[in-house]
Amino acid sequence: MSNSHSPAAHGAHDHGSGHNSRHFWIGSILAIVLTAIPFWLVMTGILHDVQTTAILIFALALIQIVVHVVFFLHLDTRSEGGWTLLAFLFTTVIVVVTIGGSIWVMYHLNTNMMPMPADGVAQMHEMSGTH
């Protein structure tokens, strides 16, 4: 009968939780910094170009997604033989295709719709006999 409270079992547990704790703190600090930088950029207005600020915020958001996936979701090639990472990548591709396709369709619908001038509406009403 094994004793789960033996020093060997306790030491192994401490080593694992120490690694997890360090991993958690690194992820937390990175997440805080990656949140504070965009906040600082917007609040100070240090970059006078709005487009540059938006691109930088978007890039930092993508980096923060990677930090969350690695440090908090623990998705890597070692977990479950890499299947969790593969499922995550597949989900990411589907989401990108769906959002990108929707934006593409909306953009082209907006640019390819035939605009009708204001006097065209009046002419249409005259032709139909309604006022």
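A residue is called buried when its relative accessible area is under 20%, exposed when that value is over 50%, and partly exposed in between, using a 1.4 Å probe and protein chains only. By that rule, 11% of the 131 residues of the chain count as buried. The model is a predicted one, in which local features need pLDDT of at least 70 and side-chain atom pairs count only at pLDDT 80 or more, while totals for chains, interfaces and linings use all residues. Residues are numbered from 1 along each chain as its sequence is written, and side-chain values use heavy atoms, with hydrogens and water left out.

**Overall fold**

- The chain has 4 helices and 0 strands, where helices (H or I, at least four residues) and strands (E, at least two) are DSSP runs numbered from the N terminus.
- Along the sequence, the pattern reads α-α-α-α.
- Contact means heavy atoms within 4.5 Å; among contacts between residues at least 6 apart in sequence, 49% join residues at least 24 apart.
- The accessible surface of the chain comes to about 10800 Å², and 74% of this area belongs to carbon and sulfur atoms. Accessible areas come from the Shrake-Rupley method with a 1.4 Å probe, and for residues only the protein chains shown count as cover.

**Helix α2**

- Helix α2 covers residues 50-71 and includes Thr53.
- The 22 residues of α2 should span 32 Å at 1.5 Å a residue, and its end C-alpha atoms are 31 Å apart, which agrees. The expected span of a helix is 1.5 Å times one less than its number of residues.
- The buried residues in α2 are Thr53, Leu60, Gln64, Val67, Val69 and Phe71.
- Thr53 has a relative accessible area of 11%. Apart from its neighbours within four places in sequence, Thr53 is in contact with Leu41 and Leu47.

**Aromatic pairs**

- Rings of Phe, Tyr and Trp (its six-membered ring) pair if their centres lie within 6.5 Å; planes under 30 degrees apart count as stacked, over 60 as edge-to-face and the rest as tilted. The count by this rule comes to 2 aromatic pairs.
- Phe24 and Trp25 form an edge-to-face pair, with 5.7 Å centre to centre and 75 degrees between the planes.
- Phe24 and Phe72 also form an edge-to-face pair, at 5.9 Å centre to centre and 70 degrees between the planes. This pair links distant parts of the chain, 48 residues apart, with Phe24 in helix α1 and Phe72 in the loop between α2 and α3.
- Together, the ring pairs link Phe24, Trp25 and Phe72 into a cluster.
- Phe24 is partly exposed at 43% relative accessible area, Phe72 is partly exposed at 30%, and Trp25 counts as exposed at 52%.
- Trp25 lies in helix α1. Trp25 and Phe71 are 46 residues apart in sequence, and their C-alpha atoms are 9.0 Å apart in space.

**Nonpolar surface patch**

- Trp40, Ile46, Leu47 and Leu56 make a nonpolar surface patch of about 340 Å².
- Like charges are joined within 9 Å, and nonpolar side chains (Val, Leu, Ile, Met, Phe, Trp, Tyr) within 5 Å.
- Trp40 is located in helix α1, residues 7-44, and is partly exposed, with a relative accessible area of 44%.

Conventions
Patches are made of residues with over 30% relative accessible area and no salt bridge: like charges are joined within 9 Å, nonpolar side chains (Val, Leu, Ile, Met, Phe, Trp, Tyr) within 5 Å. A salt bridge is a side-chain nitrogen of Lys or Arg within 4 Å of a carboxyl oxygen of Asp or Glu.
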